[in-house]
Amino acid sequence: MKNVLFATTAIVAFAGAAYADGHTGVSVSANARLGLIDNDDGAGVVGTSRFRGVITGTGATDSGLTFGGSMEVADSIKAEDGGAGVAANGNVSTGGNVFISGGFGTLTYGDTGDAAEQRVNDVDGVGLTALGDLNEITESAPEASQIRYDYDFDSFGFSISTGGDLEEIAVGVGATFGGWTLGLGYDDSVAGGHVAASVGGAIGAFSVKAAFATNDGGDDAALSLGYDLGNGLSLTAFASERELADGVGADTNIGIGASYDLGGGASIVGGVVDTAAGTTVADFGVSMSF
């Protein structure tokens, strides 16, 4: 369950801009990384790099409605030895979404999260490449294409969604107060339903996040702690546990990482994760945003 969808974030940011100045616009943003990774797969330490861009278009009607769409374009992950091949022309389209927004709320269609993902946050992960996203609680299994409605008022928000096949339903609610964010979501795309919840906030230089999910396949729980040392340096640690089946054993993952802000959108990032599979994965490099 991705913590904040990159494309959706771009849409929201530029939708506000379009509404403010009342004209259409197209913008491009991007992020990239380069570094080293050891997946404990026998290949040893190899090089890794990736570039992703987001093309966003927004506009506003004479009556004040905003509308737009976003598409992400990414190149393949590449490694010096044993890495994935490069897609044709070095880029692949990973889908996109469109939205329309007004006083009634926001309707989004396409490659975007369901209502539960919109309101429930994962805990913080570590590493340049996220190292398997083992900080994330298990998602349900919604359709890749979603139709989602969001309505936010004051410090509260509500979302409801269905898959492109119109056969599933998900709902989510969220609230923010006193620097803390709460989220609760449910969807019926798995037998018995899937319930997820999250809470997160800051206490001085410390940040803490917790997330929980449950369905007939078992329970998941995750916790992360962060500490801002100042001068651009921050530390993060997380632990996550995933049941193999309802009431049967559990997989535990533990990760630690650090990030140093170089300014201008670049950061030095590294992390180590001890996985439930008994392997240790690690990476280090430079993360960039444009």
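I began with strand 13 (residues 233-242) and strand 14 (residues 251-263), which pair in the antiparallel sense over 10 bridges; pairing requires at least two DSSP bridges between two strands, and strands are DSSP runs of E with at least two residues, helices runs of H or I with at least four, numbered from the N terminus. In this pairing I found L233 opposite Y260 of strand 14.

This is a predicted model, in which local features need pLDDT of at least 70 and side-chain atom pairs pLDDT 80 or more, while totals for chains, interfaces and linings use all residues. Residues are numbered from 1 along each chain as its sequence is written, and side-chain values use heavy atoms, without hydrogens and water.

I then looked up strand 15 (residues 266-274), which runs antiparallel to strand 14 and is joined to it by nine bridges, with I254 opposite D274. Two residues lie between these strands in their hairpin, where G264 takes a positive phi near 70°.

I noted T275 in the loop between strand 15 and strand 16 (280-289). T275 is buried at a relative accessible area of 11% (buried is under 20%, exposed over 50%, partly exposed in between, with a 1.4 Å probe and protein chains only). Leaving out residues up to four places away in sequence, T275 touches L134, T252, N253 and V281, contact meaning heavy atoms within 4.5 Å.

**Confidence**

I read pLDDT as the predictor's confidence in each residue, from 0 to 100; the chain averages 82, and 80% of the residues score at least 70.
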